[in-house]
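Here is a walk through one protein chain. Keep the sequence and the 3D view side by side as you read.

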Amino acid sequence: MFCTLCEFTQQPAPFSRLTTKELWTRPHLAQRMLSLHLDPSTELASRPLAAINSITHWLDRHLGFGGKTLCDLGCGPGLYATCFAMRGADVTGIDFSSHSLGYAVAEAARTGKVIRYLLADYLADPLPAGFDVVTLIYYDYCVLSPAQRRRLLATIHAMLNPGGKFVLEVYGMGSFAAKKETVVVEKNLMGGFWAEGDYVGMQRTFLYPDEALALDRILIIEPTECWEIFNWYQHYTPARLAEELNSAGFTIDALVGSFTGEPLVENGASLGVIASRSGAE
């Protein structure tokens, strides 16, 4: 335990440990993450339904979803996928959380929405192609390492038809400026979110100014085990985002402050981008 605590105090190298799947594959965490997605009082995992409706309305105005094939990557419980389908898109949702996909499938059956849901890891598994639109919304891209982002962009490029659209949302530099290096130690950190029984939770936030990167490093100490979560948050200037997308074969069509139509501002909290797949088969 002493060695674990000593190591916890050290700032790790950027993206030296990747634990994203832990949030969705530990049974207790998978259930709590689904609850957060469906809770309209918090934006820790997703936005309230009214905000999702506003976003899909704005995107529909700019992309025209009617009759188009659309793939929602990291679809979770299908909140955005359902709204895309309501606006006429032929929707496929992909996620590696069987818990969240189970909810999405049941909800589609309950409402009569025709949505295909695939259990797959978009970083590792073969994915279908032939889409007019691929979406990756609510900052999923920002938790990935540079190598993972390059691999994902190549996958998305292959999924899209020539001229197809990629819809992406990332953290802006305003979000990075608001972050502070902090340490929190609490019994049952976040009100029991991390484990079913009693535990001690420790969270340390590290900042990497040169990389515009932040890390929430979380140590959970239970009676029978200790384990960690590394939540990375990459932040972007418009120029950096454009460079990543251009190098992967995308051309930016629109860059906004948010997908509800707010204009792009210097040091804004977020960036929304619509990019086209360049090149022909």
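**The chain as a whole**

Of the chain's 281 residues, 49% count as buried. Buried means under 20% relative accessible area, exposed means over 50%, and partly exposed lies in between, with a 1.4 Å probe and protein chains only. This is a predicted model, in which local features need pLDDT of at least 70, side-chain atom pairs count only at pLDDT 80 or more, and totals for chains, interfaces and linings use all residues. Residues are numbered from 1 along each chain as its sequence is written, and side-chain values use heavy atoms, with hydrogens and water left out.

The chain has 10 helices and 11 strands. Helices (H or I, at least four residues) and strands (E, at least two) are DSSP runs, numbered from the N terminus. The radius of gyration is 19 Å, close to the 19 Å that the globule rule gives for 281 residues, so the chain is as compact as a globular protein of that length. That radius is taken over C-alpha atoms, and the globule rule is 2.2 Å times the number of residues to the power 0.38. Along its principal axes, the C-alpha trace spans about 60 × 45 × 35 Å.

Now consider contacts, meaning heavy atoms within 4.5 Å. Take those in the chain between residues at least 6 apart in sequence: 65% of them join residues at least 24 apart.

**Two helix pairs**

Two packed helices are described by the angle between their axes and the distance between the axes. Axes here are lines fitted to C-alpha atoms, for helices over the stretch in contact, and angles run from 0 to 180 degrees between N-to-C directions.

Start with helix 4 (residues 49–63) and helix 5 (residues 79–86). Their axes come within 10 Å and cross at roughly 45 degrees. That makes helix 4 oblique to helix 5. Angles under 35 degrees count as roughly parallel, over 145 as roughly antiparallel, 65 to 115 as roughly perpendicular, and the rest as oblique. Which residues meet here? Helix 4 brings L49, I52, N53, I55, T56 and L59, and helix 5 brings L79, Y80, C83 and F84. By class, this contact of helix 4 with helix 5 has 8 nonpolar, 2 polar and no charged residues. Ala, Val, Leu, Ile, Met, Phe, Trp, Tyr, Cys and Pro count as nonpolar, Asp, Glu, Lys and Arg as charged, and the others, Gly among them, as polar.

Move on to helix 3 (residues 27–38) and helix 6 (residues 98–111). They pack at an angle of about 45 degrees, with their axes 9 Å apart. Helix 3 and helix 6 are therefore oblique to each other. In helix 3, A30, Q31, L34 and L38 meet H99, S100 and Y103 of helix 6. By class, the contact of helix 3 with helix 6 has 4 nonpolar, 3 polar and no charged residues.

G192 lies in helix 9 (residues 189–192). G192 is buried, at 15% relative accessible area. Leaving aside neighbours within four places in sequence, G192 is in contact with H28, R32 and Y199. G192 and R32 are 160 residues apart along the chain, yet their C-alpha atoms are separated by 9.5 Å.

**Strands and loops**

Find Y171 in strand 5 (residues 160–172). Not counting residues up to four places away in sequence, Y171 touches Y139, C142, Y233, Q234, H235, Y236, A269 and S270.

G257 is found in the loop between strand 10 and strand 11. G257 is buried, with a relative accessible area of 12%. The loop between strand 10 and strand 11 also holds G261. G261 is partly exposed, at 36%.

Finally, look at the backbone. Most residues other than glycine have a negative phi, and most peptide bonds are trans. N267 has a positive phi of about 60 degrees although it is not a glycine. N267 sits in the loop between strand 10 (250–256) and strand 11 (270–277). Is N267 buried or exposed? At 54% relative accessibility, N267 counts as exposed. A212 also has a positive phi, near 50 degrees. A212 lies in the loop between strand 7 (200–208) and strand 8 (213–221). At 8% relative accessibility, A212 counts as buried.
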